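Here are my notes on the model you sent over. Have it open in a viewer while you go through them.

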Amino acid sequence: MARVYNFSAGPAILPEEVLQEAAQEMLDYRGCGMSVMEISHRSSIFDTIIGEAEADLRELMQIPANYKVLFLQGGAYQQFAAVPMNLMKNRVADYIVTGQWAKKAWKEAAKYGTANCIASSEDRNFSYIPDCSDLPVSADADYVYICENNTIYGTKFHTLPNTKGKDLVADVSSCYLSEPVDVSRYALIFGGAQKNIGPAGVVIAIVREDRIRKDVLPGTPTMLAYQTQADAGSLFNTPPVYGIYICGKVFKWLKAQGGLAAVKARNEEKAKLLYDFLDGSSLFRGTVEAKDRSLMNVPFVTGDADLDALFVKEAAKRGLVNLKGHRSVGGMRASIYNAMPRAGVEALVAFMKEFEAARR
């Protein structure tokens, strides 16, 4: 069977070249006689794999020397608790709630201290990013938290909030490595790999060293202390070995594409194809304010739930799969991550035009 164009929000499409290379190494990784899935995380082989992965990520993101790169487990969801456990020294944090995941993180943080919602877009079903130029940032806040790209609702912080000197923490799960980023503007960046980097099971956290403390909140599990993971070089316990191996291959693929500036340019081209069609369509419409549109996740609707369902069904027959929108939004959602080729977006737009023409 031919490969389909997979528009899933995650686990999501991976570069075909990476999959082919991994397939070739499946039974015998570079002459060791074993699969990477079978090797010890304490072996020299894996030491090289994780070392190269970190080095390539540091090069891609130009990560400053005073930041640690941690390969973790538990999904981004586990970080909703780990962040306050590690960073909430004053037991106060401010949250900007722009979607379901930011809202979940805010509620989780409230278990460990005072979690203030200082801005929200829930009044219009998270279809925009609120003005964050002059927020009521708490004087004693340990950090300000955002979910930078909202997978479900298709919004993106194109301008980081004014935190008034407070540390910024960002969940970047669905925009990781989609564009250049100034890491020094954050105290902590984290995200699950399964949307734009690799397979499910890996979380990558980039933490400024001065926020890695021994005096975490009482009751913090040993595994969730950033100090534990940093001191052990992400090898405190058995890490997701194969997932890190695939992430490392994706990092090399991104470098071969020309780095993050080149990747962003291609992402903008792909997104423009889809948004331009939506803006001119008489049947389909986007659900996000234009200024806040994501390059990665594009939700759209027809306004008729039955017609939406038919579109998803007919699209799948054309090899355009996983276009059903999240249940909280409905309609459709096309996730067009780094690995989605331009041809995939072109095929989607061509089918949308055909679908629309048949209903005029």
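1. Ground rules. This is a predicted model, where local features need pLDDT of at least 70 and side-chain atom pairs count only at pLDDT 80 or more, while totals for chains, interfaces and linings use all residues. Residues are numbered from 1 along each chain as its sequence is written, and side-chain values use heavy atoms, with hydrogens and water left out.

2. The seven-stranded sheet. Start with the open sheet whose seven strands run in the order β2-β10-β9-β8-β5-β3-β4, with mixed pairing. Helices (H or I, at least four residues) and strands (E, at least two) are DSSP runs, numbered from the N terminus, and two strands pair if DSSP finds at least two bridges between them. From one strand to the next, the twist averages 20°.

3. Two bridges link β3 (residues 92-97) to β5 (residues 144-147) in the parallel sense. Look for Tyr 95, which stands opposite Tyr 145 in β5.

4. Helices on that sheet. Helix α2 (residues 44-61) packs on the sheet and touches β2 and β10 (203-208), its direction making about 130° with that of β2. Helix α3 (residues 75-87) also packs there, touching β2, β3, β5, β8 (168-171), β9 (188-192) and β10, and its direction makes about 160° with that of β9. Contact here means heavy atoms within 4.5 Å; axes are lines fitted to C-alpha atoms, for helices over the stretch in contact, and angles run from 0 to 180 degrees between N-to-C directions.

5. Helix α6. The 16 residues of α6 (residues 241-256) reach 23 Å from first C-alpha to last, close to the 22 Å expected at 1.5 Å a residue (that is, 1.5 Å times one less than the number of residues). Because 12 of the 16 are buried, α6 is largely enclosed by the rest of the structure. Buried means under 20% relative accessible area, exposed over 50%, partly exposed in between (1.4 Å probe, protein chains only). The buried residues include Ile 244, Phe 251 and Trp 253, and the buried set packs against α1 (16-24), α2, β2, β10 and α7 (260-280). Just after α6, Gly 258 has a positive phi of about 110°.

6. The α7/α9 pair. How do these two axes cross? They come within 9 Å and cross at roughly 10°, with α9 covering residues 342-357. The two helices are therefore roughly parallel to each other (angles under 35 degrees count as roughly parallel, over 145 as roughly antiparallel, 65 to 115 as roughly perpendicular and the rest as oblique). Among the residues that meet are Leu 273 and Phe 277 in α7 and Val 345 and Met 352 in α9.

7. The three-stranded sheet. This open sheet has the order β11-β12-β14 and antiparallel pairing. Its edge strands are β11 (285-286) and β14, each pairing on one side only. Four bridges hold β12 (residues 297-301) to β14, and Asn 297 has Ser 335 as its bridge partner in β14. Within β14 (residues 332-335), Met 332 and Ala 334 point one way and Arg 333 and Ser 335 the other, yet all are buried.

8. A loop residue. Is Leu 27 buried or exposed? At 71% relative accessibility, Leu 27 counts as exposed; this residue lies in the loop between α1 and α2. Leaving aside neighbours within four places in sequence, Leu 27 is in contact with Gly 33, Met 34 and Ser 35.
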